[in-house]
Amino acid sequence: MKPSQAKNSLFCFQDPEDYRRLRKFFESVGFTAEGVLEALNIKDVASIRGDDIARLLRRTDRGTPLDILIRLFLIEVPCDVTAVEKAIEPLKLTSLEQVGLIQINGPQVSAAVKLLPYQNLILAFDSPCMLQTDQAENYVMGVGRSTLTLANLTIRRHSRLTLDLGSGCGTQALLAAEHSDRVSAVDRNPRAVQLTNFNAKLNAMSHVAAFEGNLFEPVHGQTFDLVITNPPFVISPEMRYIYRDGGMQADQICRKIAHEVPSFLNEGGFCQILCNWVENSGQNWYERLAKWFDGTGCDVWVIRSETLDAETYAATWIRHTEQAEPDRFAGRFEEWMAYYAAEGIHTIGAGLITMRRTSGRSNWFRADDAPNKMLGPCGEYILQGFELKDFLESIKDDKDLMNIKLGVSPNLCMDRQLVPSNQGWKETATQLKLTRGLAYVGNIDPYVANMIICCDGQRPLRDLLSEMARSMGHDPENIAPTFYKVVRGLIERGFLLPTWLQKD
Ligand SMILES: C[S@@+](CC[C@H](N)C(=O)[O-])C[C@H]1O[C@@H](n2cnc3c(N)ncnc32)[C@H](O)[C@@H]1O
């Protein structure tokens, strides 16, 4: 039997050339992120939703191969066999059916998976409709909100070996492949492993390989420059879906990852965990969390995106999966609330944990709130946050700050709010803002504003403190403690940068 006649199996073409043929075919008919956006006249392919169907069908009514592919794999409506056969020429329907991309039901073809052109990738994953079937447990998610959040925060410097833990269809692994020599992906769900391997081959990424297993088991003995994970972090009594439910008490799956990852990290290597955690009443939100990292040998930065009360949290997550059957909502909700009551859980935090293995000195822990906006990719700003915290930790005595020369971030901008008054325009607020990456915003007074604009990378902070004190009519000694605190805060958030960190 010739390779092309051999039988394909689920998500595995028998003939390796078929991956290339399929990829080239998609490119040739414009089934790319750009092509789909243009055809549908939308801004974001990941947000195509069922309630847009009528509009999307109207925009794909010319019967071109691109229209047919969009209808089949993105809008997910059955299409006429003959029309699909013609649209996919020279590919064969049977080949796509054998590999598990489509199902042929008499005169109609429907998609067996979604196929999404995302950035410069094509990704196959399960349709959310699968959540309403008896196959729901093994559902492999596509590009969700959590996927995008982690992808946007991933540190994208060169990595020799990267691990995507809980790879799903492999989105993080394939994005990391761009800046990694090799990527290993691990998932407990065999279907996710098959889809990750299929997507790696479809996108010609021979340096990505997926393995089936529980957490770090399949990569035992290996060490990584980067570990990225969007684990099943949802805190609930359920073990219904592998993609969502970690199967451990409360937030223990994330704690376990944080505890075990250091031995899988190279010195200086990073681990980024998208995480939900329980927050104890009567404590700062990060106090319980901080204990997870005791003895890990890692510097840790936790960025909190939100804290929800248990009711809102349960309702939000149950709605994700119970859209089609709202009747089941009440029962589930009561079950979840009873679990929280038994576990003493009242509030749940969410955010990103970044750990960096750093030996030979005591480790630092930083925890703060995410800025309201993240403007563009943020990985380089996470890395910069580590460098700035290292810098600040290296200057234990505030007095040593006085010799430092600082410059302003290239992304710095100031907003002034003025209101009319009898004396003309009166300034009521001055805000400092970063306009790229982690776009922190902070209120400042005119004295600090003046000090910041004098940070030209040439003058030591001692001079700036003296000038500020003079303009305020104070002795520098008296304002020094507040000055140090303000300057440290401005450096930590990246408004002011040591000269060696200033980039254009
Ligand atoms: C929230 S999904 C994330 C998928 C993908 N990485 C992303 O960012 O879109 C979590 C993934 O972790 C996998 N998973 C669940 N428990 C696991 C375990 N114990 N070990 C490895 N993978 C696991 C699930 O099958 C699922 O694919």
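Author: In this predicted model, the part to look at closely is the place where Tyr447, Asn450 and Met451 of helix H15 meet Leu464, Met468, Ser471 and Met472 of helix H16. Sorted by class, the residues of this contact between H15 and H16 are five nonpolar and two polar, with no charged residue among them. Two packed helices are described by the angle between their axes and the distance between the axes. For H15, which covers residues 446–453, and H16, which covers residues 461–472, the angle is about 150 degrees and the axes lie 10 Å apart. The crossing of H15 and H16 is right-handed.

Helix H12, made of residues 310–321, packs with helix H13, made of residues 327–343, at an angle of about 140 degrees, and their axes are 10 Å apart. Angles over 145 degrees count as roughly antiparallel, and H12 and H13 are therefore oblique to each other. The crossing of H12 and H13 is right-handed. On the side of H12 the contact is made by Ala310, Glu311, Ala314, Ala315 and Ile318, while H13 brings Phe329, Arg332, Phe333, Trp336, Met337 and Tyr340. By class, this contact of H12 with H13 holds nine nonpolar residues and two charged ones, with no polar residue.

The buried residues of H4 are Leu66, Asp67, Ile68, Leu69, Ile70, Arg71, Leu72, Phe73, Leu74 and Ile75. After H4 comes Glu76, which has a positive phi, near 60 degrees.

There remains the ligand, which has 23 residues around it, and of these Thr147, Gly166, Gly168, Asn189 and Asn230 come nearest. The elements that give two or more residues to this shell are helix H7 (145–153), helix H8 (171–176) and strand S7 (180–187). Among the elements, H7 gives the most to the shell around the ligand, with three residues. Taken by class, the shell around the ligand is made of nine nonpolar, 12 polar and two charged residues.

Terms used:
Residues numbered from 1 in each chain as written. Predicted model: local features only at pLDDT ≥ 70, side-chain atom pairs only at ≥ 80, totals over all residues. Near = placed C-beta within 6 Å. Helix = DSSP H or I, 4+ residues; strand = E, 2+ residues; numbered from the N terminus. Nonpolar A, V, L, I, M, F, W, Y, C, P; charged D, E, K, R; others polar. Axes fitted to C-alpha atoms, helices over the stretch in contact; angles between N-to-C directions. Parallel < 35°, antiparallel > 145°, perpendicular 65-115°, else oblique. Left-handed = near helix turned anticlockwise from the far one by under 90°. Contact = placed C-beta atoms within 7 Å. Buried ≥ 20, exposed ≤ 12 C-beta atoms within 10 Å, placed from the backbone.
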